[in-house]
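Subject: Structure handover

Hello,

Here is the structure I promised to pass on. Please keep it open while you read the notes.

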Amino acid sequence: MRTRVIPRAEWSTFFEGFTREHSGWPTTVWILGPRIGAQVEVRELPLEGIVAGPVAISIHLGGMPGKNVEHPVAAPVSVWLETSEKDVLGALGINTADGTTTL
């Protein structure tokens, strides 16, 4: 697997392209943190989009009335993309200031 760090100045553009390419994909969101361990936040909902704002990144999932979920990631400090040698998506990660990682 290869990991590519996305520079902060490119987050908005990166997430726009990522959303276009992966819209509707079944998505599971994991939260990994020093205080909470590993937890599944959302399991197998269609990706609607990821948006980088000035103080948070928002992950939008669902695509169905009553099943929409917004997961905000506050105080992001880094974004990275893990792919295989053949550019198959492995994981998208967002690290935060408190040491939490959202996958």
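Below are the notes on the core and the aromatic rings.

This is a predicted model, in which local features need pLDDT of at least 70, side-chain atom pairs count only at pLDDT 80 or more, and totals for chains, interfaces and linings use all residues. Residues are numbered from 1 along each chain as its sequence is written, and side-chain values use heavy atoms, with hydrogens and water left out.

The core comes first. The largest nonpolar core has 20 residues. Such a core is a set of buried Ala, Val, Leu, Ile, Met, Phe, Trp, Tyr and Cys residues joined through side-chain atoms within 4.5 Å. Buried means under 20% relative accessible area (1.4 Å probe, protein chains only). Among the residues with the most contacts inside the core are F14, F15, I50 and V79. β3 (37–52) is one of the elements that give it two or more residues. Strands are DSSP runs of E, at least two residues; helices are runs of H or I, at least four.

Now F14. Its contacts (heavy atoms within 4.5 Å), leaving aside neighbours within four places in sequence, are R4, I6, V79, L81 and L92. F14 is buried, at 13% relative accessible area. F18 is buried too, at 8%. Both lie in helix α1, four residues apart, about one turn of the helix.

Last, the rings. The whole structure holds two aromatic pairs. Rings of Phe, Tyr and Trp (its six-membered ring) pair if their centres lie within 6.5 Å; planes under 30 degrees apart count as stacked, over 60 as edge-to-face and the rest as tilted. The F14 and F18 rings have centres 5.8 Å apart and planes at 35°, so this pair is tilted. F14, F15 and F18 form one aromatic cluster.

Best wishes

How values were computed. Buried < 20%, exposed > 50% of the residue type's maximum accessible area, 1.4 Å probe, protein only.
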